[in-house]
Each structure stands twice: as structure tokens, then as C-alpha cells.
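Look at the structure below with its ligand in view.

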Amino acid sequence: MPLSLNVKLGPLELATPLLTASGCAGYGKELDQYQDLSCFGAIVGKSISREPRLGNPYPRTAEVAAGMLNAIGLQNEGFDSFVKSTLPKMRSFGTKAIVNVVGHDFDEYVWLCRHFDAEQGIAALELNLSCPNVKGGMKFATDAGECERLVRACRDATKLPLIAKLSPNVTSISEIARAAERGGADILSAVNTFVGMSVDWRRREPRLANVTGGMSGPAIKPLALRCVHEVARAARLPVIAIGGISSADDLLEFMVVGAGACQVGTYLFVEPDCGAAIIADLKKKLIEAGVQSPSELVGTLKV
Ligand SMILES: Cc1cc2nc3c(=O)[nH]c(=O)nc-3n(C[C@H](O)[C@H](O)[C@H](O)COP(=O)(O)O)c2cc1C
């Protein structure tokens, strides 16, 4: 049988197991010049809220060893403008469009799910349950009861495949994963950024105006692997891994611990054409290993 990169995550079928991570690829337009975007199983857009958001004061990013900190604060154009101007373009790249949604409160998430449900050409909704960089943005990611209540209400508001994106900034990610499963999520994605900080000691100042920010990039990969391993064991849902992925080997490591697909985020800032390179290398590695589908590797970790 010839090699197929096709993967199935519950109701979501993807032509490849590599997706872009929210906030790291805009809505596809900027990346399109670097590679044929069909190398990605889906483009996941930056979080969209009901109203436009300006985000946090600058500076909002800082480079750190093997990664970056960001406190963008969910800047986005808001639902109306996104649906009118950006979504049609996002649907035109020869790959699936996944919309990531974020609300200030419960009602805003539900409103967004209901309104996106009426739009054409959306493959799935990803709920950004956690936003460490906005005030009060962590409740749904850290409290299992709140998480379950929100996911259930979003589930009732849309028939689209629903992905619950988990935060690593919790005592037990397994507990939150199970809460999202009980609420009716189809898929879990893990993880969002780790809260961190960077300081310029000469100025005695934090490097981010927000003081703290979300840590991402290759430095967090071992931390994310541990989270994905836990999540995959705790819940029966398919898992999309996120955190520090920069190569086909990284993607395969996450699949072995239980991910059905992976998102690449920060590394797109280093190598904007890494999607095509990762997929080319993935094909080579799977053929070398005598594997006909990446799905054969999912959860095969010997422990
Ligand atoms: C600049 C930047 C902006 C981000 N914006 C969002 C966002 O709007 N919504 C979201 O769910 N995650 C956002 N994230 C988190 C990423 O989607 C991803 O979960 C995280 O960066 C870990 O993956 P990575 O190490 O491959 O970057 C953002 C990350 C970065 C670096």
C-alpha cells in the first residue's frame, strides 16, 4: 500500500497530520508565499472574538533561549470583519480552515460558536479556553467545572467539530481534559503557552509591558510532550499536540505519545517554509520505518 498522510481525528479528516498553531500563521495569507499551504492538514487562525480587540501595550514579544514570550493579548479584527474579509481568503488555500474562538465571558464563546455554525467552509472550531495574557482569561482552562459547562454550551451551539485547546498552566491537565470530554468536545488540543517572564536587569525592567507572557518554541517541547502524554491517557478523545514542534521527528515523537496530529507555531517565525520541509521529511522517515500511515504510530509508546 502506498504511503498516505491522511489522518482522522473523530469527525475531522485531514490530508496531513500537520496544522498551523493559532496566532503563529495569521489566517494563512502571509505563509502562502513560502509554500503550497496544502502541506498543512489545516490552517488554524488567530483567535477571533465577537468585537475587535487591540491587544496589550508594546513590547508584546521577547526572544528567549530556544523560544519566545508573547503577550499579544488576543488582538484581532472581530467576528464581522473576519467573516466578511478574512474567512473567504482563508478558505481558498487548498486546505481546511479551522477557526479558533475566544470570549471575554461564557456568553461570548457561545455566541461565537452559534454564529460560526452558520458560516460555510469551516472544518472545525478550536476553543481557546486559556489566555494567560488577558485579565480573567484563565477560568475556563483551570476550573474543571467551568470548563465542562462552557464546552457543553458551545457543543449545544454548533454542529461543527469542536476542539478544546488546553492550557498547561494547571495542576492537573488530565482533570481538565476529562472535563472537556464530558462537556462534549470532539478533539483536545494541547498545549497553549506556559506563563513565563523575561527581565532586563540593567534597566530593572520586564521585557514585556504586560510583565508576564506565554512561553513557546522548541524550549517547551519536553514539557508539552509530558502534557500530551497525560492528556492522551486521561481522555478517550483524539489529541492534537502543540508545543515546540520544529521537525518531522518532533511530530513523530508526539504521535508516539498519543497525538493524532500536531500544530507548528513559533517555529514558523524562524522558518516560514518549514511546513513543506516537515512534510517532505515526514514522508521520508515513514517510508524508512516501513510505516504506511502516521496513524499506525499513535499511542505506541512502550511504557
Ligand atoms: C505570537 C503568538 C501568538 C499566539 N496567539 C494565540 C491565539 O491567538 N490563540 C491561541 O489559542 N493560541 C495562541 N498562541 C499559542 C500557540 O497557538 C501555541 O499553542 C503555542 O505557541 C505553543 O506552540 P509552539 O511552541 O509551536 O509555538 C500564540 C502563540 C504565539 C507565539
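How far is an oxygen atom of the ligand from an N or O atom in the side chain of N100? In this predicted model, the distance is 3.1 Å. A backbone N or O atom of V191 lies 3.0 Å from an oxygen atom of the ligand, and a polar backbone atom of G217 is 2.8 Å from a ligand oxygen. On its own the ligand has 610 Å² of accessible area, and the protein covers 97% of that.

The place where the ligand sits is the largest pocket. Its volume is about 570 Å³. Of the 36 residues that line the largest pocket, S22, G23, C24, N70 and T193 lie nearest its centre. The lining of the largest pocket counts 19 polar, 14 nonpolar and three charged residues.

The second largest pocket has a volume of about 160 Å³. Its lining includes T61, A62 and E63, along with G67, M68, T266 and Y267. At least two residues of that lining come from each of β5 (61-64), β6 and α8. By class, the lining of the second largest pocket has seven nonpolar, three polar and one charged residues.

Notes: Residues are numbered from 1 along each chain as its sequence is written. This is a predicted model: local features need pLDDT of at least 70, side-chain atom pairs count only at pLDDT 80 or more; totals for chains, interfaces and linings use all residues. Side-chain values use heavy atoms; hydrogens and water are left out. A polar contact is a pair of N or O atoms within 3.5 Å; within protein, one must be able to donate a hydrogen and the other to accept it, and residues adjacent in sequence count only if both atoms are side-chain atoms. Accessible areas come from the Shrake-Rupley method with a 1.4 Å probe; for residues, only the protein chains shown count as cover. On a 1 Å grid over the protein atoms alone, a cavity is a set of points where a 1.4 Å probe fits but cannot get out, and a pocket is an open set with protein on both sides within 12 Å along at least five of seven lines; lining residues have an atom within 4 Å of a point. A molecule sits in a cavity or pocket if more than half of its atoms lie within 2 Å of its grid points. Grid points are joined across faces, edges and corners, and a volume is the space filled by probe spheres set on the points. Ala, Val, Leu, Ile, Met, Phe, Trp, Tyr, Cys and Pro count as nonpolar, Asp, Glu, Lys and Arg as charged, and the others, Gly among them, as polar. Helices (H or I, at least four residues) and strands (E, at least two) are DSSP runs, numbered from the N terminus.
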